[in-house]
Amino acid sequence: MEDVIEGLEEMGFFNAPASANHHLNTEGGLVQHSLNTCKAALMVWEGMKALEPGLEKEVGRDNVIIASLLHDVCKSDIYIRSVKKTKNALGIWEDTEGYKVSYKGFPMGHGEKSVILLLCNGLEMSDDEMLAIRWHMGAFGINMNSFEDQRCYDTSKKLYPLVSIIQVADNLAASIMERTGKELDEL
């Protein structure tokens, strides 16, 4: 695990934002998003165990924690500090610090990139952890022209409940736990 943490540090995981323009687009935002996703995933898992008592045999707590904390490792190296033009409260454009996105470092995709980076850094993962990380974006992670992608996603969800748990938790973290008053005001 120490090698994995060292690898995450080298990749910039602990300093990266969670997004360039939306949720937690500040230094360290990716770690906060990962923690929020973990909290949400554990709550979803607990709730689903109450509805489906056999779930605990299929999905372990450690699996939920690993997949939720590490689902967005792919974002560690894509954000670059930049100056952007944004409108202030008066509607006047002004320079503000922000981030731009570059995929030059390792243009692998999203979920699959996270899995590959974690494996390359020595993390041993179960099949359900790898697939939950790979498919955490749900249908947004599917090439809609690829019958194979669609079948793999559907099959992963059916075989491994962790896939749905992480997908839902990621969405809950980004769209509810991390929304800001400013975003709500702009609606």
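Analyst: **A cysteine and its surroundings**

Let's start with Cys-38, which is found in helix α2 (residues 29-51). Helices here are DSSP runs of H or I with at least four residues, strands are E runs of at least two, and both are numbered from the N terminus. Keep in mind that this is a predicted model, where local features need pLDDT of at least 70, side-chain atom pairs count only at pLDDT 80 or more, and totals for chains, interfaces and linings use all residues. Residues are numbered from 1 along each chain as its sequence is written, and side-chain values use heavy atoms, with hydrogens and water left out.

Is Cys-38 buried or exposed? Its relative accessible area is 9%, so Cys-38 counts as buried. The cut-offs are under 20% for buried, over 50% for exposed, and partly exposed in between, using a 1.4 Å probe and protein chains only. If you skip its neighbours within four places in sequence, Cys-38 is in contact with Ile-65, Ser-68 and Leu-69; contact means heavy atoms within 4.5 Å. For a sense of scale, take Leu-90, 52 residues away along the chain: its C-alpha atom is 38 Å from that of Cys-38.

What about disulfides? There are zero in the structure, a disulfide being a pair of cysteine sulfur atoms within 2.5 Å. Cys-38 is in none, and the nearest cysteine sulfur, in Cys-74, lies 17 Å away. Cys-120 has Cys-74 as its closest partner too, but the sulfurs are 14 Å apart, which is too far for a bond. With 66% relative accessibility, Cys-120 counts as exposed.

Back in α2, have a look at Gly-29, which is also found in this helix. Gly-29 is buried, with a relative accessible area of 1%. Leaving out neighbours within four places in sequence, Gly-29 touches Ala-16, Pro-17, Ala-18 and Leu-24. That last one, Leu-24, sits in the loop between α1 and α2 and has a positive phi of about 45° although it is not a glycine. At 22% relative accessible area, Leu-24 is partly exposed.

Another loop residue worth a visit is Lys-75, placed between α4 and β1 (79-87). Lys-75 counts as buried at 9% relative accessibility. Its contacts, apart from neighbours within four places in sequence, are Ala-16, Ala-18, His-23, Leu-30 and His-110.

Now go to helix α1 (residues 2-11), whose buried residues are Val-4, Gly-7, Leu-8 and Met-11. Looking down the axis of α1, these fall within an arc of 100°, so they line one face of the helix; the arc is that of the directions from the helix axis to the C-beta atoms. An α-helix has 3.6 residues a turn, so residues three or four places apart point the same way. The buried residues of α1 pack against α4 (61-70) and α5 (111-120), while the face turned away from the buried side carries the exposed residues Glu-2, Glu-9 and Glu-10. After α1 comes Gly-12, with a positive phi near 95°.
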